[in-house]
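These are my notebook entries on a structure that I looked up, kept in the order in which I worked.

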Amino acid sequence: MAELDKLAIRGVRSFGPRDVNIIQFFKPLTVIVGHNGSGKTTIVECLKYAATGDLPPHTKGGGFLHDPNMAGTDTVKAQVRLRFRNTHGVRMNCVRNLQVSKKKGGGLSVSYTHLRAHETGRNL
């Protein structure tokens, strides 16, 4: 059976672009609790995005990423990293990068990179 190890989030919604936030998963269960707006749903959506590449509904225009206006910058680089063990017990690292930039005429431009998944022995 596959198992989750760690999830690292930077630049996604309430998780700011300057700091990496790491969530450690424990056996047999990890419970995520917090106040409204603290990022519980974002953690679950990041897990889904890392594993499948599917963004949450209605977020194609940059709604999944930290707002550049709130960050005080023209560009926000975001990253979601997931470390897990596959069904053969091999530790894997999956990385997805995103970037949102302000357009000169207003609005936002979003770019995504392809999935990078590889075996790893390194820490997340």
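**Entry 1**

I began with Glu 45, which is buried, with a relative accessible area of 18%. The limit for that word is under 20%. I noted at the outset that the model is predicted.

I then looked for the partner of Glu 45. Arg 13 forms a salt bridge with Glu 45, and their closest N and O atoms are 2.2 Å apart. Arg 13 lies in the loop between S1 and S2 and Glu 45 in helix H1, so this pair ties together parts that are 32 residues apart in sequence. I recorded Arg 13 as partly exposed, because its relative accessible area is 25%.

I also looked up the backbone of Arg 13. Its phi is near 45°, a positive value in a residue other than glycine. I wrote beside this that most residues other than glycine have a negative phi.

**Entry 1: further salt bridges**

How many salt bridges does the count come to? I found 4 salt bridges by the rule used. Another of them joins Lys 27 and Glu 3, with the closest N and O atoms 3.3 Å apart. Lys 27 is in the loop between S2 and H1 and Glu 3 is in strand S1, so the pair ties together parts 24 residues apart in sequence. Lys 27 counts as exposed at 66% relative accessibility, whereas Glu 3 counts as partly exposed at 30%.

I next recorded Lys 102 and Asp 74, whose side chains meet in a salt bridge of 3.9 Å, N to O. Lys 102 lies in strand S4 (residues 91-102) and Asp 74 in the loop between H2 and S3, so that pair ties together parts 28 residues apart in sequence. Lys 102 is partly exposed, at 35% relative accessibility.

**Entry 2: the loop between S2 and H1**

I returned to Lys 27 for its peptide bond. A cis peptide bond joins Lys 27 and Pro 28, with omega about -5°. I noted for comparison that most peptide bonds are trans. Pro 28 has its place in the loop between S2 and H1.

I located Val 33 in the loop between strand S2 (21-24) and helix H1 (40-52). Is Val 33 buried or exposed? I found Val 33 exposed, with a relative accessible area of 68%. Together with Leu 29 and Val 31, Val 33 makes a nonpolar surface patch of about 340 Å².

**Entry 3: rings**

I searched for aromatic pairs, and the count came to 1. The pair consists of Tyr 49 and Phe 64; I recorded it as edge-to-face, with 5.8 Å centre to centre and 65° between the planes. Tyr 49 lies in helix H1 and Phe 64 in the loop between H1 and helix H2 (68-71), so the pair ties together parts that are 15 residues apart in sequence. Tyr 49 is buried, with a relative accessible area of 3%, and Phe 64 counts as buried at 2%.

What sits over the ring of Tyr 49? I found the charged end of Arg 96 there, 5.5 Å from the ring centre.

I ended with Gln 79, which has its place in strand S3 (residues 75-85). Gln 79 counts as buried, at 15% relative accessibility. Its side chain makes a polar contact of 3.1 Å with the side chain of Arg 81.

Conventions:
Residues are numbered from 1 along each chain as its sequence is written. This is a predicted model: local features need pLDDT of at least 70, side-chain atom pairs count only at pLDDT 80 or more; totals for chains, interfaces and linings use all residues. Side-chain values use heavy atoms; hydrogens and water are left out. Patches are made of residues with over 30% relative accessible area and no salt bridge: like charges are joined within 9 Å, nonpolar side chains (Val, Leu, Ile, Met, Phe, Trp, Tyr) within 5 Å. Accessible areas come from the Shrake-Rupley method with a 1.4 Å probe; for residues, only the protein chains shown count as cover. Helices (H or I, at least four residues) and strands (E, at least two) are DSSP runs, numbered from the N terminus. Buried means under 20% relative accessible area, exposed over 50%, partly exposed in between (1.4 Å probe, protein chains only). Rings of Phe, Tyr and Trp (its six-membered ring) pair if their centres lie within 6.5 Å; planes under 30 degrees apart count as stacked, over 60 as edge-to-face and the rest as tilted. A charge sits over a ring if NZ of Lys or CZ of Arg is within 6 Å of the ring centre and within 35 degrees of the ring normal. A polar contact is a pair of N or O atoms within 3.5 Å; within protein, one must be able to donate a hydrogen and the other to accept it, and residues adjacent in sequence count only if both atoms are side-chain atoms.
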